[in-house]
Amino acid sequence: MERFNRVVDDFLQEVALEKPQTLDKLNDRFAVWLSECYQHRPHSALGENVTPESAFRSDPHPLRFVDPDVLAHAFLHVETRKVDKSGCISFLNRKYEVGLAFIGCTVDVIYDPADTTELTIEYEGHEPWRVRPLVIGERTGKRPKLPDHLQPTPAESSRLLEAAHERHRERRDRQIPAVSYRKVPKGEPGDV
């Protein structure tokens with residue numbers, strides 16, 4: 001890296017003398033400098049009279065390129081969310097319908113931070129599936145006002161208190177009065 005940085009520093013000193021007016025001209029000059037002054041010059045770290053270009057071409061193993069889908073999948077982000085009572089998750093202030101079978105479960109949300117129009121949901125024992133933001137139609141929203149005849153009316157009296165009063169009266173009427181001996185005159189000591 002230090003050697004490469006020295007090559008770039010040398011290029012910057014040389015190109016400052018020419019003063020290119022456009023970025024395309026600067027990039028073109030750098031590509032030529034890199035090829036002639038770095039790739040085709042022998043490097044002591046590679047062996048005697050071996051250039052980076054010849055070392056690259058003499059490698060017996062062919063280049064392996066990673067599948068773009070595998071590479072894209074490697075840079076995805078993962079977060080966990082709990083599915084609410086309606087079978088949805090909230091993610092970045094939007095609702096996504098996961099499914100009623102997952103109510104109360106904690107699922108993994110796999111997403112590309114640059115594009116959240118489609119998320120991948122993973123849950124143990126199930127194949128991963130894709131979800132999109134939940135679209136709430138025009139028929140959902142605030143409830144319309146009930147007509148006057150269906151509105152609750154204020155009560156004029158308490159039915160509970162009236163029922164308690166009636167029950168108290170019935171209980172009082174059913175009670176057998178207690179016998180009081182206070183008003184009975186005292187008799188002779190032998191009277192029973």
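Tutor: Helices and strands are taken here as DSSP runs, of at least four residues (H or I) for helices and at least two (E) for strands, and they are numbered from the N terminus. With that convention, and bearing in mind that this is a predicted model, the part to look at is His43, which sits in the loop between α2 (23–39) and α3 (52–57). His43 counts as buried because its relative accessibility is 16%, and buried means under 20%. Its side chain reaches back to the backbone oxygen of Tyr38, at 3.1 Å; once neighbours within four places in sequence are left aside, the residues in contact with His43 are Tyr38, Val50 and Pro52.

Elsewhere in the chain, the largest nonpolar core has 14 residues, and those with the most contacts inside it are Ile89, Val98, Val109, Leu119 and Ile121. Two or more residues of this core come from each of β2 (88–91), β4 (106–112), β5 (115–122) and β6 (129–131), with β4 giving the largest share, three residues. Leu119 touches, residues up to four places away in sequence not being counted, Phe91, Tyr96, Val109, Ile110, Tyr111, Trp129, Arg130 and Val131.

A further point of comparison is Ser180, in the segment after α5 (159–174), which counts as partly exposed because its relative accessibility is 48%. Between the C-alpha atoms of Ser180 and Pro133, which are 47 residues apart along the chain, the separation is 83 Å.

Technical notes: Residues numbered from 1 in each chain as written. Predicted model: local features only at pLDDT ≥ 70, side-chain atom pairs only at ≥ 80, totals over all residues. Heavy atoms only, no water. Core = buried A, V, L, I, M, F, W, Y, C linked by side-chain atoms within 4.5 Å. Buried < 20%, exposed > 50% of the residue type's maximum accessible area, 1.4 Å probe, protein only. Contact = heavy atoms within 4.5 Å. Polar contact = N/O pair within 3.5 Å; in protein donor to acceptor, adjacent residues only side chain to side chain.
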